[in-house]
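Me: I have a structure to study and some questions about how its parts pack. Can we go through them one by one?

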Amino acid sequence: MSRMAFPRAARPLLGFALLLLALAACGAAPPTPAASDPALSAEAKDFRDAVTVLADDKMEGRGLGTKGIGLAATYIEKRLKSAGLQPGFGRSYRQKFPVKIGVEKLAGNAIEGLKDDEWSPLGFSSPGAFAGELAFVGYGIEAAPLGYQELSGLDLKGKVVLILRYEPQEKDDASPFDGKRPSRWSALRYKAMQARERGAAAVVFVTGPLQDEGNDKVPALKNDGPESPAGIPVIQVKTSVAQRWLATAGIDLAAFQKDVDRDLTPRSRAATGVMVKGNVAIRATYAEGENIVGVIPGKGALAKEYVVIGAHYDHLGYGGQGSMRPNDKAIHNGADDNASGTAAVMIAGAALKKQLAGAKDHRAIAVMLFSGEEVGLAGSAFLVDHAPFPVASVRAMVNLDMVGRLRGDTLIALGAESAAEWKDFIQRAATATKLDIAARGDGYGPSDQTSFYAKQIPVLHLFTGTHEQYHTPDDDAPLINAVGGAAVARFTTLLGADLATAATAASPVYARANAAPAMSGDSRGYGAYLGTVPDFRAMESTEGGVLLSDVRPGGPAERAGIKGGDRIMMIAGTKIANLYDMTYALQDQKPGQTVDILVIREGKEATFRATLGDRGAMGGAAPAAAAPARTAESLVEEARRHYDAAIAAQRAGDWSRYGEEIRRLGEVL
């Protein structure tokens, strides 16, 4: 990645690296509140007031399915209408769409011989009846690189496979599984996929006595995100149930765990003589989301082209999954995330309506406020597929997500590498607003610009950094930097006007990513590298496989002939039912291996042979024989990589990886 230099931004490299650390650290001090300052400008007061309204408790954290998010939508619609923006959808400002928010049990959900409170389906289970002999495979770990394989050589076809949760030698620093933190081998979806690929009829998880500590409970059924289900029934039973089943086969579960911890020797049993029969009857539940769009019509020769300025207005509601404090049922007001971006977009939209009034020729401005961002970019993903105008007519998209904590006049502009022309546009707006702009990165990232970049539209994501209140009940309006928010809104206005009136030859031109996208899910830092960009709009697809929006230039997938629009169905003989399957299938391969990849292209099957790369090397090529000298510039680039990875992990809720990236960032600095 590269960093552009702008007025007042030419600081020493070490200083910039320290800034990255400050932005990434959860303990970073919040800015001095400006909410009560009587000297605030009209723009700052407007920003403060809008955030205060959107982050009020009566908005219920703008959670999907709450009354509060409807109140927020009404407030946004009124502001767009009062600013003179036209409805984006005929006579309406609103676009309704379905959002998966949960999973519920249906009639017929039962396991023979068990009471309802002795078991539960898991959120990523597929529905269906199953029956078969119980096979016990210990922790269900197939970790060839560690020399520990509990499934190899077992015939699991038609079996109901019982698997312990977690992994051996927990809390042991000497463990090959890393002891102090969960390894990838412990992931439930990974274990279920391994059993499914060996012909299992169903998977049963259990918490072993060493971890259960006498609680003897099963987890509540909860949403497992927008990803498609596992492909077979997946349930969990109480510890006492598994102990009863295994005792019949002469297995003491507590002793089993202690023995494995002692010597790391697999003790799987493909046959126990215990028969298990049941039926999983569940279905996904949905809420109705609403995108809100107001339009400033274009004029003259540029009238049929568009510039999109957007932000998501939803948040976490009362917390739960996605919260940094998931056990606290409390309103998560999301003042910074993302009442701040919503406020700035509304202010910029109103200002652009006035500023463009005298222009003879200008592109249309579409002001878009998305819902469903917190559950996988649901709103923006739906909108680009159901846009009120041709998506191909969009020349640029500017996304504002978390812009309420400006520090030191430094605004981060992610996605600057999505078009070479961004440099000039950013510089002009930066000069006028006297902001320092840290511009870098491709167009992929954990926010709504990704949906547009996947449509080959140049994008920017404006961002003022994370903080310790992120995704907690403490992200409230008094901590917002109103002066900074107004400055970001002004920057957005100038940028939008410039984009709307620029000559076609000077407009941003889409550039394909030359770096791995932050949210690719390709192998999450492990195993082999394929170089694909999953289409996150297809996460809930019932067709199976992983639909691609693009492939990385020069990467293994592109070299093999795979391209955007293909749906990957199988990798190296492993069926791919969802993004998790693809992640785990790649983790099980090694860089340099050549594998067959089955895809569906335009309704027909096609097989490609790809030589997998190393995620640590650019383009999937083999790393250089000798590492280059660690110059000041290379250290900053390394710090920036860890910073970007930390932000992506935090937004994805991958707190183990987040902590690791922050640790590595600290080591570099």
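Me: At what angle do helix 4 and helix 14 pack?
Reply: This is a predicted model. Two packed helices are described by the angle and the distance between their axes. Helix 4 covers residues 188-197 and helix 14 covers residues 579-587, with axes 10 Å apart. The angle between them is about 80°.

Me: Is helix 4 roughly parallel or roughly perpendicular to helix 14?
Reply: Angles from 65 to 115 degrees count as roughly perpendicular. The two helices pack at about 80°. Therefore helix 4 is, to helix 14, roughly perpendicular.

Me: Which residues in helix 14 do Arg189, Tyr190, Met193 and Arg196 meet?
Reply: By class, the contact of helix 4 with helix 14 has 4 nonpolar, no polar and 3 charged residues. On the helix 14 side, the residues met are Tyr580, Asp581 and Tyr584.

Me: How many of the residues of helix 4 are buried?
Reply: Helix 4 is mostly covered. Its buried residues include Leu188, Lys191, Ala192 and Gln194. They pack against several elements, among them strand 8 (160-164), strand 9 (202-206) and helix 14. The count of buried residues in helix 4 is 9 of 10.

Me: Which residue just after helix 4 takes a positive phi?
Reply: Look just past the end of helix 4. The phi there is about 90°, and the residue is Gly199.

Me: What does Phe491 touch beyond its neighbours within four places in sequence?
Reply: Contact means heavy atoms within 4.5 Å. Leaving those neighbours aside, Phe491 is in contact with Leu411, Ile426, Ala429, Ala430, Thr433, Leu435, Ile437 and Leu462.

Me: Is His312 buried or exposed?
Reply: His312 lies in strand 13, residues 306-312. Buried means under 20% relative accessible area. The value for His312 is 0%, so the residue is buried.

Me: Which side chain makes a polar contact of 3.3 Å with the side chain of His312?
Reply: A polar contact of 3.0 Å joins the side chains of His312 and Asp314. The contact at 3.3 Å is with the side chain of Asp401.

How values were computed: Residues numbered from 1 in each chain as written. Predicted model: local features only at pLDDT ≥ 70, side-chain atom pairs only at ≥ 80, totals over all residues. Heavy atoms only, no water. Axes fitted to C-alpha atoms, helices over the stretch in contact; angles between N-to-C directions. Helix = DSSP H or I, 4+ residues; strand = E, 2+ residues; numbered from the N terminus. Parallel < 35°, antiparallel > 145°, perpendicular 65-115°, else oblique. Nonpolar A, V, L, I, M, F, W, Y, C, P; charged D, E, K, R; others polar. Buried < 20%, exposed > 50% of the residue type's maximum accessible area, 1.4 Å probe, protein only. Polar contact = N/O pair within 3.5 Å; in protein donor to acceptor, adjacent residues only side chain to side chain.
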